[in-house]
Amino acid sequence: MIFRHLFTPLNNTRLSHLCGPTDEHLRTIEQALQVRIAHRHEQFKVEGPKVKAQRAMDMLQALYEMAARPIAPATVQLMLSGDGSADAAEGPGLLTRRAELKPRTQNQAVYLDNIAEFDITFGIGPAGTGKTYLAVAAAVDALQRSSVQRIVLTRPAVEAGERLGFLPGDLNQKVDPYLRPLYDALYDLMGYEQVQKAFERQALEIAPLAFMRGRTLNNAFVILDEAQNTTPEQMKMFLTRVGFGTKTVITGDVSQIDLPKTQLSGLVEAERILRRVPGIAITRLTSADIVRHPLVARIVDAYDAARLSDLPPIAVPLPEPELPRVALPKTRTPRAKVAGTQVKKVSDAV
């Protein structure tokens, strides 16, 4: 299928921003959607399968409308991860430093709706789907609106396949490397100064999961990140910390479990046990919701396909062989002895 489009009125600046340096944006769209894009001045031609070619043309139109200023490569990649438009999904507005923050896919919109509606929400999906970032954004929004009094962020202190040994420094310095992704999200959504002020007035707390036992968290927004690395006992302990007026979000990727092979993941067990419990929402994100570089989605799909191909085939029981029928040996019934003969033999013996 070939689509042709003429961008009018002619604006060379917009066309330059649309194509990007050395047509970088066009090459990105071609590679992601498996189409061919050719252009001569304001005349564009897209060739490929009908659905993908139509999506590429829609993306070009959307980019042209926002091309008054140079377009960042990340913007093109984020649009490709959605449905091909600048407004990929409708979702709740979040009050953060990032005014343009919004869900990029339909599943992300459902995820944010579940966080707003339910007291406990699970966000399960591969890397790059925005599980942690959107949860932190919802927490910052709740704190800014005074819906909660504090934010509590926690995650298990489990290394990703390495043993770093004893780390130097005090407690905060020891756990900081494990909690760095949460700090990064906070700095992006609140700003460095606001984060420091929140720590000073104890409106923000980041702690390892081991320190949650025995606590009751009231009027707080609690996020458990990397929950796939919790044990079933840790997961039950964390879920029972929920107090009144508290929102809880548990995020994790069941394909990246760093626990020993023989250890069951608490996230896997919790999803199985709690999926029908009222008041708890479980949101499943997929590779289609990844908002990082398009290669990330392909990497995730490739690993998933390889994992499925490595699984042993389902064992089908073979039919039991029919045993040969063997005739039973014939047995003779002993004849009854005559009583007189027996007496005679006895008398002879005497």
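These questions and answers cover salt bridges in a predicted model. Residues are numbered from 1 along each chain as its sequence is written, and side-chain values use heavy atoms, without hydrogens and water. Local features need pLDDT of at least 70 and side-chain atom pairs 80 or more, while totals for chains, interfaces and linings use all residues.

User: How many salt bridges does a search of the whole structure find?
Analyst: A salt bridge is a side-chain nitrogen of Lys or Arg within 4 Å of a carboxyl oxygen of Asp or Glu. The search of the whole structure gives a count of eight.

User: Is Asp141, the salt-bridge partner of Arg145, buried or exposed?
Analyst: The closest N and O atoms of Asp141 and Arg145 are 2.7 Å apart. Buried means under 20% relative accessible area, exposed over 50%, and partly exposed in between (1.4 Å probe, protein chains only). Arg145 is partly exposed at 48%. Asp141 has 11% relative accessibility, so Asp141 counts as buried.

User: How many residues apart in sequence are the parts tied together by Arg155 and Glu226?
Analyst: The side chains of Arg155 and Glu226 meet in a salt bridge at 3.4 Å, N to O. Arg155 lies in strand β5 and Glu226 in the loop between β7 and α9, so the parts tied together are 71 residues apart.

User: Which residues are linked with Arg27 in a network of salt bridges?
Analyst: The network includes Arg27.

How values were computed: Helices (H or I, at least four residues) and strands (E, at least two) are DSSP runs, numbered from the N terminus.
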